[in-house]
Every structure is written in structure tokens, then in C-alpha cells.
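Below is a short report on how one chain packs together.

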Amino acid sequence: MKILRSLLSNAITEEVIAKNVATALRLPVLRRRKSKAWSVEEARLFLENARNEADPLYAVYVLILVLGLRKGEVLGLDWKYVDLDAGELYVGEQLQRVRNCLLRRAVKTDDFEAPIPLPGICLAALKLRKQQQDSDRQEAAVQWQETGLVFTSPLGKALDPTKFNGRFDARVAKAGVRRITVHGTRGTCATLLAALNVHPRVAMRVLRHSNIKMTMEVYTDATDEATCEALKKLSSALDQRGS
């Protein structure tokens, strides 16, 4: 349609026709179909696959699925914002690529002034991540670049958010689950918290809801008992490895 309008406009300029009849036509608005979030079973299969293959981004996947953190927030997470003893974290910065530079910018919204409690699976994954990073630091020796970030390359560098989608897609394919976007994982958060038997009051803080009623509206989805049990076992297995 755009091409037709352009051709007719050109015809007016050339005085071939007197009026462009295509200007009165409205183009249909194409809307992207919203992808459905993963079920608890799909999320479990994805996380289990990442853990079994020792994916260094396993803890990233746990945090975006269980806590609903955005890509920039999780890749910009600094250890100074993580309290493993108290079992909570703050979202203080986000990592962004601006032209050719990776920039760490403060998160200024009021939603992140309070700490986010860490369900067991998140705490265990972060402890495991700390062990991985300590091992990377020791192996890199003088080549290590200290950034303070939780998620880094084997040499300590920040991870490029623009390349994260590709790694996520590759992991989705390996896990054999339905393809969704990184942003689409946020919709899985509440159902995973329910499946892990996280108390609604704790879930309210994780989901950053202003009242418990909002939480309960999205916290009552029934899930298969066997799937829930498998998810809890995944968390327990990590607890043993991360301790």
C-alpha cells in the first residue's frame, strides 16, 4: 500500500493523474501477538537443562524467572547489592549498551528501594555462582578485571546485554521448550513462586505489588503436583552444591 501511494503521488507530480485516491485509505495496524508465558513445567525443564549442563548463566535464568528481574537489572547486579546471609538483594543498577560502551546506570524508581527476599532456589543459585566466579578469578590470575558484578566473563568483564538474547535462545533450543522472549519470562514469575510454596507475603515483596490482593489474583494458578515436587528437588540439589 505504501508503494502504491508513492507511485500515485509521483503520477500527480508528473501530471498523469489529478488525485491520489490512495491517500484516503487507512493502512491496517499490525499488532504483535503477545507470547504466552511458560508453564511451571516448561520453566523447570529449562532451568534443569541449564543446571545439568553447568551453564554459567544458570543463576541469571533463575533470577529472571523467579524474581522477574529485567535483563539489564540482572546483568548489572553488583555483589554489594546481594546479602547471602540475610537472603535478599537490591536492584541498584542496570547494565546498558550505549553505542560502543557498556554503561552501569542507577535504578532510580521507588520500587527498588526495599530489598527483594531470595527464595531458596535463588539463594542457592547465587551461592553456586559465587563459587564459579571465585574459580574463574583464580584461573585468570593477573588477567582478571574486577568489576564487582555478579555475572561476568571468565576474565571478569561485564556481559554484553545485546548478546544475551542469543545465548538465551540457544539455551531454550537445547532445553527443547517453547520459544519465548527474555522479556516474556517475567510472566512466569508468580506461578513459579506458588509452585515453590513461597509464602504469599514474601511473593508480594518479590513481585513488588502494593497490596496482597494483587498478589493473590495471580498466585492461585493450579500446577501439577509432580512438577512442583521436581522444581523443589531442583532447588534442594542446588542448596547442597552451593553450601
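In this predicted model, the largest nonpolar core has 54 residues, of which Phe46 and Phe151 touch the most other members. Such a core is a set of buried Ala, Val, Leu, Ile, Met, Phe, Trp, Tyr and Cys residues joined through side-chain atoms within 4.5 Å. Elements that give two or more residues to this core are H2, H3, H4, H5 (120-140), H6, H7 (189-195) and H8 (200-206). H3 gives the most, with 9 residues. Helices (H or I, at least four residues) and strands (E, at least two) are DSSP runs, numbered from the N terminus.

Not counting residues up to four places away in sequence, Phe46 touches Trp38, Tyr61, Leu65, Phe168, Arg171, Val172, Ala175 and Val177; contact means heavy atoms within 4.5 Å.

Local features need pLDDT of at least 70 and side-chain atom pairs pLDDT 80 or more, while totals for chains, interfaces and linings use all residues. Residues are numbered from 1 along each chain as its sequence is written, and side-chain values use heavy atoms, without hydrogens and water.

Helix H6 covers residues 161-175; at 1.5 Å a residue its 15 residues should span 21 Å, and its end C-alpha atoms are 21 Å apart, which agrees. The expected span is 1.5 Å times one less than the number of residues. The table sorts residues of H6 by accessibility: buried means under 20% relative accessible area, exposed over 50%, partly exposed in between (1.4 Å probe, protein chains only).

| State in H6 | Residues |
|---|---|
| Buried | Pro161, Phe164, Phe168, Arg171, Val172, Ala175 |
| Exposed, on the other side | Thr162, Lys163, Ala173, Lys174 |

In H6, the buried residues pack against H2 (40-52), H3 (58-66), H4 (71-75), strand S3 (93-98) and strand S4 (101-106). Just after H6, Gly176 has a positive phi of about 70 degrees.

H3 and H6 pack with their axes 12 Å apart, at an angle of about 90 degrees. The two helices are therefore roughly perpendicular to each other, a class that runs from 65 to 115 degrees. Val60, Tyr61 and Ile64 of H3 make this contact with Phe164, Arg167, Phe168 and Arg171 of H6.

Leu102 lies in strand S4 and counts as partly exposed, at 31% relative accessibility. Leaving aside neighbours within four places in sequence, Leu102 is in contact with Leu95, Gln96, Arg97, Ala158, Leu159, Asp160 and Pro161. Leu102 and Ala158 are 56 residues apart along the chain, and their C-alpha atoms are separated by 7.9 Å.

How values were computed. Axes fitted to C-alpha atoms, helices over the stretch in contact; angles between N-to-C directions. Parallel < 35°, antiparallel > 145°, perpendicular 65-115°, else oblique.
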